[in-house]
Amino acid sequence: MLDQLKELEQQARELEPEEPQRRQLSRQVEAYAEAFYRELPEAKTYIPDYQTAGEVLDTEFDEEPADLDPILKELRKTTDRPGINTASGGHIGYIPGGGLFTSALGDYLAAVTNRYAGVHYTSPGAVNIERRLIRWMADLTGYPDTAGGYLASGGSIANLTAIITAREAVGLHPVDYEKTVVYVSGQTHHCIDRALRIAGMAVATQRFIPVDEKFRMDTDALEEAIKEDMRAGLKPWMIVGTAGTTDTGAVDPLRRQGDLAEKFGLWFHVDAAYGGFFLLVDELKPMFDGIQLSDSVVLDPHKGLFLPYGIGAVILKDERLMAGAYSYEASYMQDIQERQTVLSPADTSPELSKHFRGLRMWLPLKLHGISAFRSALKEKYLLARYAREKLAAIKDIETGPEPDLSVTLFRYLPKDGDPEECNQRLHQYILDDGRVYLSSTRIDGKYMLRVAVLSVRTHINTIEVLSEVVKQGIAHIRQ
Ligand SMILES: Cc1ncc(COP(=O)(O)O)c(C=O)c1O
């Protein structure tokens, strides 16, 4: 057996490169990353090549080792080119972020050191770093010392975590769900609906409250709806406010929503996944007044802090409620549980073994300082306004309302011809051109194009290009 073990150890050494090999591999990866960054400003933002991307499905996993360079070459061809180039500043569709290089370095270090970030006992520093980040965001939100939270993989999971916490905190049982009412608007992100379904609450009523001309929830209608539901014997449970809607960037009247939640004893949840970090911009802070009244809030660092995909934060005003929903006991965890002094992600979330996500956020904040983020966010806010002005100056372009944050809408209104068809053609022209990527939406049944400025790499030149390509697209349609 010893001989066999020695032989296996020898063969398995392939998995543990020695220092010279590690350095060589690092150099190759670094060269790849630098080439990617070098090409980024000129790279197309959209390459609809789904066939090449499909080649990875046929990848063989050989028994024997291979060289890194051909593997990276395959990665570039099949993965880093096809689809939307979400690292590009030309990506102004959906909700972009760009992805900070220094965050990637944080991820790299987290993976190298492989700290077990689920439990304080095993990795006190990692858990404390995440607790510190949550505290920083809690301060930004205006939450008291009782607050706590969890760094999830993104906004959808963060919202789900909040909704399950709220369900448990209020002590809702399946027999109650049919009478339970959640107040949303047509602009609420669909992950709330999905979270309710995952939480087993699909039968609960989602009351869609109308929005005003700036796409903010009409809170008079909200109050009326709550009263009516109470009169009908239903159980109003939660108001979902949105601080930065996905489609239009609107910020709901949070103070009034919070006051109504308090008046009628409802849970107040704010989805600030997209908009939350605009709280860093002093001039925009007043728009968020009332967010501090919420019971739970979601902010997505992979949007507003420009981090690479994979991090969304949920914060509860009362951290203990998370433990109420997620803590556990198991005999194989007895060593940990006996030594537990602070709540860990394993107590406040559905995760146990957990990637040290906090490092990808902590490192850029420490390294760059908050002021750079503040400036970048204000730049994005102003760029959206600039884009709206530039677009409004183009003949036959209709723009949406002045943006609350950094999303603005427009469409082409031809003198004759079907606006729906013309805007679809305009959109396709922009996608084919490839210098910027826009996504479309439907507002009150109208096909609209969205400009969402939140990539760290989107600057004035992107908006100039957008204006140029829209003009060219219109000229092309008119031909
Ligand atoms: C307002 C809002 N909430 C939630 C989400 C979902 O976040 P994620 O895509 O990180 O799951 C988004 C995504 O764009 C969003 O804009």
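Biologist: What do the buried residues of helix 5 pack against?

Modeller: Their partner is helix 16 (359-368); packing here rests on contact, meaning heavy atoms within 4.5 Å. Helices are DSSP runs of H or I with at least four residues, strands are runs of E with at least two, and both are numbered from the N terminus. Please keep in mind that this is a predicted model, where local features need pLDDT of at least 70 and side-chain atom pairs count only at pLDDT 80 or more, while totals for chains, interfaces and linings use all residues. Residues are numbered from 1 along each chain as its sequence is written, and side-chain values use heavy atoms, with hydrogens and water left out.

Biologist: Which residues of helix 5 are called buried, and which are exposed?

Modeller: Thr 102, Ser 103, Gly 106, Asp 107 and Ala 110 are the buried ones, whereas Ala 111 and Val 112, on the other side of the helix, are exposed. Buried means under 20% relative accessible area, exposed over 50%, and partly exposed in between, using a 1.4 Å probe and protein chains only.

Biologist: How do you know where the buried residues of helix 5 lie around its axis?

Modeller: Looking down the axis, they fall within an arc of 155°, so they line one face of helix 5. The arc is taken over the directions from the helix axis to the C-beta atoms.

Biologist: How does the reach of helix 5 compare with the expected span?

Modeller: Helix 5 (residues 101-113) has 13 residues and reaches 19 Å from first C-alpha to last, close to the expected 18 Å. That expectation is 1.5 Å times one less than the number of residues.

Biologist: What makes Ser 344 buried or exposed?

Modeller: Its relative accessible area is 2%, so Ser 344 is buried. This residue sits in the loop between helix 14 (334-339) and helix 15 (345-348). Leaving out residues up to four places away in sequence, Ser 344 touches Gly 118, Val 119, His 120 and Val 127. Its side chain also reaches the backbone nitrogen of His 120 at 2.7 Å. A polar contact is a pair of N or O atoms within 3.5 Å; within protein, one must be able to donate a hydrogen and the other to accept it, and residues adjacent in sequence count only if both atoms are side-chain atoms.

Biologist: Which side chain joins that of Asp 433 in a polar contact?

Modeller: Arg 435, at 2.9 Å. Asp 433 belongs to helix 18 (residues 419-433), and its relative accessible area of 22% is why it counts as partly exposed.

Biologist: What is the phi of Asp 396, and what is that of Asp 444?

Modeller: Phi is near 70° for Asp 396 and about 50° for Asp 444. Most residues other than glycine have a negative phi. Asp 396, in the loop between helix 17 (370-392) and strand 10 (397-399), counts as buried at 16% relative accessibility. Asp 444, in the loop between strand 12 (439-443) and strand 13 (446-452), counts as exposed at 71%.

Biologist: Which residues come nearest to the ligand?

Modeller: Of the 15 residues around the ligand, these are Gly 155, Ser 156, Thr 246, Asp 271 and His 302; a residue is near if one of its heavy atoms lies within 4 Å. A ligand nitrogen is 2.6 Å from a side-chain N or O atom of Asp 271, and a ligand oxygen is 2.7 Å from one of His 302.
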